[in-house]
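Here's a quick briefing to read alongside the model.

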Amino acid sequence: LKRVHYQIIEGPRVRIKAIEVQGRISRKSKFYQDFILKNSSDLVASGFYNRQALDTGFKNLVTELRNQGYLRAKVLSSRTEYSDNRTQATIYLMLDEGPQTQIRGLDFKGNKFFSSFELAEVTGLETNTPLRLTLFEESLEKLKNFYRSQGFLEMRLLNEGEELIQYNEKGTQARIGFQIYEGPRIRVHAIAVEGNTLTKTRVILKE
């Protein structure tokens, strides 16, 4: 038998003193600090330093900013400075939000049964508002579900995943164009009831 002994020097547990966010940003540094603390890990949320968890928080921050319309948001750099006794850490984050992209137009092509105004209301998207990617993704499902609920079971978006969104050169404005294939409106031709030995057919059809 061999017995292995580990002699461990833990050192001090490092707490996060502050997260200073600088660069081209639209809000105060505290907004970004609070978001990172809440969206990194339970350890970071409780105020302790962990580099990998903070990197996750940085990525989540960029994703959130892009969902708010800052499609070119990115982290330029980050560094950590420790106190003399290495019990506290200050994180400096250089962030570039970029311009916030605004929706300047909603275009619908191929729609015959419903007006463009009706379909715009279905999507929930509005012009002159920030292009939020999460809401945009939801708008696609809303549009499909609306058509299916109206009997257009073969409806599809011809340009989904391709050139649905057109940006200007600076990326500050976006125009969303839906190319729709409605397909036929399918009606119920007949309902056949089989196998009902106890319940009458007219009772089932009524229900």
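Contact, or touching, here means heavy atoms within 4.5 Å. What you're looking at is a predicted model, where local features need pLDDT of at least 70, side-chain atom pairs count only at pLDDT 80 or more, and totals for chains, interfaces and linings use all residues. Residues are numbered from 1 along each chain as its sequence is written, and side-chain values use heavy atoms, with hydrogens and water left out.

**Helix α1**
- Helix α1 spans residues 29-38, and its buried residues are Tyr 32, Gln 33, Phe 35 and Ile 36 (buried is under 20% relative accessible area, exposed over 50%, partly exposed in between, with a 1.4 Å probe and protein chains only).
- Those four sit on the same side of α1, because they cover an arc of only 165 degrees around the axis (taken from the directions from the helix axis to the C-beta atoms).

**Leu 37**
- Leu 37 also belongs to helix α1, but with a relative accessible area of 22% it is partly exposed.
- Leaving aside residues up to four places away in sequence, Leu 37 touches Ile 16, Ile 19, Val 44 and Ala 45.
- From Leu 37 to Thr 63 it's 26 residues in sequence and 15 Å in space, C-alpha to C-alpha.

**Val 4**
- Val 4 lies in the segment before β1.
- Val 4 counts as exposed because its relative accessibility is 59%.

Key:
Helix = DSSP H or I, 4+ residues; strand = E, 2+ residues; numbered from the N terminus.
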